[in-house]
There are 2 protein chains.
Amino acid sequence: MNSSSSYSITQITMWWPSVVVVLLLQISNLVASQSIINTLPGFTGELPFKLETGYIGVGELDEVQLFYYFIESERSPKDDPLVLWLTGGPGCSALSGLLYEIGPLTFNYANSSGNKPTLELNPYSWTKVANIIFLDSPVGTGFSYATTWEAYNVNDTSSAAQTYEFLRKWVLAHSMFLSNPLYIAGDSYSGIPVPIVVQEVSNGNEIGHLPPLILKGLVLGNPLTHRIFDLDARLKFAHRMALISDRLYESTKRNCKGEYIYPDPSNAKCIEDLQVVEECVSNIFDNQILEPNCATQSPKPNKLREWSVLGDDFIDIHTSTPQVPGPWCRNYNYLYSYVWANDKTVQEALHIREGTKTEWDRCNKSLAYTENVITSIDYHRNLTKKDLRALVYSGDHDMTIPYVGTEEWIETLDLSIEDDWRPWFVDGQIAGYVTIFTEEKYSLTFTTIKGGGHTAPEYKPKECLAMIDRWFSYYFL
Amino acid sequence: MNSSSSYSITQITMWWPSVVVVLLLQISNLVASQSIINTLPGFTGELPFKLETGYIGVGELDEVQLFYYFIESERSPKDDPLVLWLTGGPGCSALSGLLYEIGPLTFNYANSSGNKPTLELNPYSWTKVANIIFLDSPVGTGFSYATTWEAYNVNDTSSAAQTYEFLRKWVLAHSMFLSNPLYIAGDSYSGIPVPIVVQEVSNGNEIGHLPPLILKGLVLGNPLTHRIFDLDARLKFAHRMALISDRLYESTKRNCKGEYIYPDPSNAKCIEDLQVVEECVSNIFDNQILEPNCATQSPKPNKLREWSVLGDDFIDIHTSTPQVPGPWCRNYNYLYSYVWANDKTVQEALHIREGTKTEWDRCNKSLAYTENVITSIDYHRNLTKKDLRALVYSGDHDMTIPYVGTEEWIETLDLSIEDDWRPWFVDGQIAGYVTIFTEEKYSLTFTTIKGGGHTAPEYKPKECLAMIDRWFSYYFL
């Protein structure tokens with residue numbers, strides 16, 4: 001399969017000696033900030049995997065310092081894919097993706113206390129089968145920072161260009177990964193930047209940017225792809241999942257004419273219907289509709305009509321504790337990340353540069369970030385003309401970015417169906433349903449994760465590891 | 001609210017002395033077989049509730065001996081409703097409903113072993129708020145038996161008549177419950193007999209059968225109401241729950257013209273579509289689509305096209321153990337009922353008549369029973385003309401009798417909507433959505449149990465107890 005990549009190992013070794021000196025000069029400050037981390041507060045003993053953290057400066061004067069966590073594949077680093085993972089938001093830290101979704105460490109909820117989080121190994125880490133760079137992007141996210149105020153003003157496209165610049169520099173500084181197949185991946189809001197970064201890499205390769213990256217494709221989980229259509233799809237999803245009635249669904253469709261996010265404010269019937277819908281769903285935990293809803297944000301966001309994925313952990317970490325009465329809430333577990341990542345000893349262990357960040361946020365809601373791309377669908381359409389592969393997975397119980405909307409935009413790509421919607425299995429149980437679309441050299445695998453939520457690996461870790469392992473290996477799901 | 005009942009206490013006490021002698025003669029053999037059970041094997045100490053078991057003979061020569069478990073309300077027996085509970089099947093024992101759904105005892109799964117089941121209290125027993133008669137009906141179910149072979153040949157209507165006869169005799173023998181509000185209740189297959197029994201009671205009251213029963217209404221959980229439409233609804237449900245694709249759903253609807261259970265066998269396109277549907281759903285655990293599927297029945301039933309609620313515990317209790325590798329299966333817990341109820345000491349404790357039953361089955365699949373009523377919808381329509389109330393609840397993750405089909409037949413009753421689909425709450429969380437329909441003196445409450453399965457109280461015990469408590473008390477859900 002590797003023979004289909006644009007660049008062979010021979011080509012890479014050909015140019016390598018001639019440019020290495022110049023490029024290494026460019027990344028001299030980067031090399032200095034790479035650190036191998038052997039132990040971490042909260043985890044007993046040495047880390048049983050190779051963790052590196054570091055900063056890479058991008059921009060003309062390296063004024064944007066992007067922080068990353070790199071974890072080598074626990075299987076075969078030189079053969080396994082290299083994955084750049086962007087957590088959503090925008091503004092959600094790479095550490096959140098690492099600790100709660102696909103990384104090798106996670107909080108040991110049972111053995112943690114409010115001020116003493118402990119870590120345990122995640123047996124379903126994607127680092128079992130891939131080398132993963134968890135990147136704090138865009139600037140302002142996690143431990144990434146800028147050296148000037150102006151440099152914080154980025155948008156979807158400029159930030160994606162910075163991510164591409166980061167990636168080239170990172171690969172240069174880690175030449176052992178020059179020939180690994182590369183995937184750009186992420187979930188939720190990353191549905192906007194990931195296809196843009198893939199386009200950047202593809203364009204860069206075509207015009208001869210160095211180093212050539214062995215771009216194979218992209219991976220997206222419950223991705224935001226269209227800022228209106230994906231959110232409009234919440235109505236259909238709420239109906240399917242028995243959160244609103246047939247009558248209300250039909251009436252709302254009829255009265256609002258498909259526009260639920262930006263309805264005509266003078267359309268009284270539509271506004272009235274949407275209010276009733278809102279009453280039905282306002283206490284639903286959007287990210288997995290069957291789990292308890294524990295947001296304490298006030299006033300409540302409009303669930304149907306706002307991009308509110310970040311709202312769900314708007315909890316006061318000083319007053320909330322996991323010991324409050326009532327049902328267990330997934331949010332409680334998020335608290336530990338605030339305690340842990342803001343701990344001085346942890347930041348020292350991670351080699352965070354002192355004074356660069358006043359407070360670490362799981363999801364930074366005050367980014368100076370402009371969301372200038374309404375939809376990434378055109379990027380996807382562009383990519384279908386290339387020799388690439390895409391995996392799009394949807395936790396099917398997520399109302400934040402419902403699978404029904406994802407299904408719809410994929411259909412608009414008008415690809416051929418190679419393998420029509422069929423179940424796939426983990427431990428003999430249906431883990432989800434997969435459809436494979438193709439178009440010449442391009443292929444897109446769309447799969448649901450049965451019972452999964454918005455960040456599917458957080459809810460169905462075993463199934464999601466099986467999915468990514470099989471897909472990276474070109475197996476059938 | 002009690003003032004709306006057809007019979008007042010005064011009326012009852014008026015006729016009581018005059019008929020009591022005659023009637024008591026009729027039930028003389030019954031009285032002898034009532035037993036108060038204070039202890040049970042597997043449960044430590046005295047039962048903290050009042051359990052009575054017994055037989056009541058029905059038919060001309062009492063040739064049908066119906067076994068029951070009666071548990072007094074743990075709150076206020078004289079004020080709380082009297083509920084007759086029929087477990088589905090047909091053929092599923094009352095004990096199954098008692099131990100796995102709404103009774104005060106349940107297996108302590110963690111502390112049981114294959115040959116030594118232990119029991120623990122169910123904090124969400126419906127006996128917290130109601131007096132419940134769990135009846136082994138129709139004859140052949142659980143510990144009910146007949147004294148002649150012919151007497152086993154019953155059908156939906158004749159069995160319902162026997163249930164009514166049972167009820168009258170039972171109430172006569174328990175005169176303290178003569179004035180309690182009475183509800184006929186059950187789930188799954190009981191959707192057929194329960195409305196028929198209600199009709200029998202209503203008719204009997206009207207023509208002056210004694211004793212008058214203070215019939216208030218009926219309760220049905222994921223009920224089978226129409227043997228074709230309820231099963232056809234599985235297709236729509238599978239589509240909503242992301243088990244089949246939009247394309248396949250539309251194609252199947254178009255090709256099969258709405259007939260999925262009994263498709264035209266010469267309609268090749270339809271048959272082909274149904275085969276693909278079957279491939280998508282055949283490994284789904286119908287009773288709760290998100291739980292592991294562990295049926296080991298071979299060959300597999302056709303999930304879409306057969307009435308297969310009974311199939312799901314077709315496991316060999318001699319070879320299956322809860323310790324087999326793989327995911328936990330709800331079925332494992334069912335095994336304990338076979339071990340427990342077939343234990344000689346248990347049967348002695350329950351005062352089972354020796355030699356009447358060779359083996360107790362959780363669900364007897366070899367009943368000599370004719371399913372002669374295709375739909376109970378006409379009974380429901382009839383009942384809407386009366387001073388009655390109905391509660392229909394649907395675990396919304398059940399594909400055996402999906403909520404979408406239930407929603408549909410309720411709509412055909414053309415009732416007025418008093419309270420349109422809105423969420424209701426338990427512990428501040430949405431427990432489901434409720435709609436209240438009315439028609440003069442009749443009211444029907446339809447509610448979903450969010451995340452619930454086929455026998456909803458088995459999956460969402462706390463929510464279902466809150467539901468039934470509020471509904472019995474005429475509160476808003």
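The size of an interface is often given as the accessible area lost when the parts come together. The model is predicted. The contact draws 37 residues from chain B and 35 residues from chain A.

The two chains superpose. Chain B can be laid on chain A with an RMSD of 0.0 Å, by a turn of 180° and a shift of 0.0 Å along the axis. The two copies are thus related as by a two-fold rotation axis. The same surface serves both copies, since 95% of the contact residues of chain B recur in chain A. Of the residues of chain B, B:Arg240 comes closest to the rotation axis, with its C-alpha at 2.4 Å.

Polar and charged pairs cross the interface. Between chain B and chain A, 19 residue pairs are in polar contact, both residues being at pLDDT 80 or more. Six salt bridges are counted between the two chains. One of them pairs A:Asp420 with B:Arg247, whose closest N and O atoms are 2.5 Å apart. On the side of chain B that touches chain A, the elements giving two or more residues are helices H6 (229–240), H7 (246–256), H8 (268–281) and H12 (403–412), together with strands E14 (416–426) and E15 (429–439). E14(B) supplies the largest share, five residues. By type, this side of chain B divides into 18 nonpolar, nine polar and 10 charged residues.

Salt bridges were then examined over the whole model. Side chains of opposite charge can pair when their charged atoms come close. The count over all chains comes to 40. In chain A, A:Asp419 forms a salt bridge with A:Arg422, with 2.9 Å between the closest N and O atoms. A:Asp419 is buried, at a relative accessible area of 16%. A:Arg422 has 21% relative accessibility and counts as partly exposed. The cut-off for buried is under 20%, so the two partners fall into separate classes.

Two salt bridges of chain B link separate elements. B:Arg330 pairs with B:Glu458, the closest N and O atoms lying 3.7 Å apart. This pair links distant parts of the chain: B:Arg330 is in helix H9 (residues 330–341) and B:Glu458 in helix H13 (residues 456–459), 128 residues apart. Both B:Arg330 and B:Glu458 are buried. The second bridge joins B:Asp427 and B:Lys462, with the closest N and O atoms 2.5 Å apart. B:Asp427 lies in the loop between E14 and E15 of chain B, and B:Lys462 in helix H14 (residues 461–472), so the pair ties together parts that are 35 residues apart in sequence. B:Lys462 is partly exposed, with a relative accessible area of 33%. In chain A, salt bridges that share partners join A:Asp62, A:Glu165 and A:Lys169 into one network.

A buried position in chain A was also examined. A:Leu444 belongs to strand E16 (residues 442–449) of chain A. Its relative accessibility is 0%, so A:Leu444 counts as buried. Beyond its neighbours within four places in sequence, A:Leu444 is in contact with A:Ala390, A:Val392, A:Ile410, A:Leu413, A:Leu415, A:Thr435, A:Ile436 and A:Phe437. The C-alpha atoms of A:Leu444 and A:Gly217 are separated by 9.5 Å, although these residues are 227 residues apart along the chain.

Notes. Residues numbered from 1 in each chain as written. Chains lettered and ligands numbered in written order. Predicted model: local features only at pLDDT ≥ 70, side-chain atom pairs only at ≥ 80, totals over all residues. Heavy atoms only, no water. Least-squares fit on C-alpha atoms with pLDDT ≥ 70 in both. Contact = heavy atoms within 4.5 Å. Salt bridge = Lys/Arg side-chain N within 4 Å of Asp/Glu carboxyl O. Polar contact = N/O pair within 3.5 Å; in protein donor to acceptor, adjacent residues only side chain to side chain. Helix = DSSP H or I, 4+ residues; strand = E, 2+ residues; numbered from the N terminus. Nonpolar A, V, L, I, M, F, W, Y, C, P; charged D, E, K, R; others polar. Buried < 20%, exposed > 50% of the residue type's maximum accessible area, 1.4 Å probe, protein only.
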